[in-house]
Amino acid sequence: MERAIELRGVSKMFLLKHNRSWDLKVKALSLFNPRHREQVETFWALRDVTLTVAKGESIGIVGPNGSGKSTLLRIMAGIFQPSSGELVVHGRVAPMIELGVGFNVELTGRENIYLNASLFRLSRRETDAIYDRIVAFSELEQFIDTPVKNYSTGMYARLGFAVAVHLEPEILLIDEVLAVGDERFQQKCMARMEDLRRRGTTIVLVSHAMETIRSMCDRAGFLLHGRLEAEGDPGKVIAEYRAALHLLGAEAAVATG
Amino acid sequence: MMLVVYTIAFKYVMRTGIPHFTFFLLAGLMPWQFFAGALTASTHAIVGNGNLIRKVYFPREVLPVATVLFTFTQFILAMAAVLPVVILIDGVPLSWVALMVIPLALVHLLFTIGCAFALSALTTSFRDVSHFTEFALMLLFWLTPIVYQVQMAPGPLKVFFRTSPLAAFTVAYQDILVRGVLPDLAVGTTVIAWAVVTLVLGHAIFRRRSAGFAELV
């Protein structure tokens, strides 16, 4: 089996600094005055996650809010460095975890396509080659020379998705993709994702939409409090996730009740 | 603007008696404005692009370098626009040595990028670095022979000038543009040595800290 992403015992710790000072001035004062001293608390966003994603596989990550899903994606993208453990990535990762990020709202749709492509290290000529397909997919021909700040939320997201899926990454990381556009456009997105899958793109998808995970993914992982609680067949993992949610809900009810 | 005010202040009010004062001032002031502008902007290069850094992976070096290059372009354009006018009015004979301003500006660019690496990285941890930078630049302006000549400074300041990279760059610009001579070996070495050291050191600082940028901005 050819591997695309290997995580070995990856943990990520954040320092929660209460009374965190961003000033050199206050920092200097705190040497003399304990009132200014910061208190540091550690928070483990990910604990000992070991996961291998095969080439061409698509894997879904589920979990409640704050369970570490986005942190996991950011580590895969190289935005965060793991605190411990090891990450090996084989292939070109789409370096963005959110659609339309890196757009400059003052620029037009056309300019933003080139800007976004350059973040992906595509040359101008390479972008020229896919430009028409991106515009056609986004259905924004009419507005492509309008500054993005005048776009509606849906238009913005459509352009973001269109760029992301046409850059032909070997590994695509997506956080909550299907908040995009109306139903018809969503179906178009799904079709495009299927298309990428068939052509061997490795996909890591974070979503709260269980249906999407079930239909799109070969495998799923369930994160809870930063631990990978379950991994395997999407149906089974989702069932486990739901069971855990119920349990959490019951605990919360007891705690507040 | 600054050029006009300083010319009036130092040429007519204080009567410093520096020959071709406007041109002399221009040769020192415009590179300084590039340097100061680039550093001030560079303190925001990383912090001001927090959203991008938290969500996209790309070589973080792009941000400070782009900031400096932007200011550098403005500097070159301003020089190209103002230089001929001042030469015409002031009637300074320009020699071929003036062409040496191109390699000098490039070395100056590298030096500035080095400083920008360090400052942009430090601002992620300490936001008031940007205030300190502005303040330090204001002090350094008067400690650099821009509106006066090195020879006019008292002894202790001259010693400082011998090591200060900012003084060395200024003197080099003045030598090449105003006096039409190549800078002497000491100035040349100082300029190049500082550029190399700053670039290497600045990048090392930047490299060490850049892994944590996403968590700090």
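**Entry 1: a helix pair in chain B**

I began with helix H4 (residues 62-90) and helix H5 (residues 101-125) of chain B, which pack at an angle of about 135° with their axes 9 Å apart. I note that the model is predicted. I looked up how such an angle is classed: over 145 degrees would count as roughly antiparallel. H4(B) and H5(B) are therefore oblique to each other. I logged the crossing of H4(B) past H5(B) as right-handed.

Next I listed the contact residues. From H4(B) I have B:Leu63, B:Pro64, B:Val65, B:Thr67, B:Val68 and B:Phe72. On H5(B) they meet B:Leu109, B:Thr112, B:Ile113, B:Ala116, B:Phe117 and B:Ser120. I sorted this contact by residue class and got nine nonpolar, three polar and no charged.

**Entry 2: where chain A touches chain B**

I turned to the two chains. Here 19 residues of chain A are in contact with 15 residues of chain B. Which helices of chain A each supply at least two residues of the side that touches chain B? I found helix H1 (24-30) and helix H2 (69-77). H1(A) gives the most, with three residues.

**Entry 3: a hairpin in chain A**

Last, I checked strand S7 (residues 219-224) and strand S8 (residues 227-232) of chain A. They pair in the antiparallel sense over five bridges. I found A:Leu223 opposite A:Leu228 in S8(A). S7(A) and S8(A) form a hairpin, with two residues between them. I also noted the phi of A:His225 in the turn, which is positive at about 50°.

Note on methods:
Residues numbered from 1 in each chain as written. Chains lettered and ligands numbered in written order. Predicted model: local features only at pLDDT ≥ 70, side-chain atom pairs only at ≥ 80, totals over all residues. Contact = placed C-beta atoms within 7 Å. Helix = DSSP H or I, 4+ residues; strand = E, 2+ residues; numbered from the N terminus. Axes fitted to C-alpha atoms, helices over the stretch in contact; angles between N-to-C directions. Parallel < 35°, antiparallel > 145°, perpendicular 65-115°, else oblique. Left-handed = near helix turned anticlockwise from the far one by under 90°. Nonpolar A, V, L, I, M, F, W, Y, C, P; charged D, E, K, R; others polar. Pairing = 2+ DSSP bridges.
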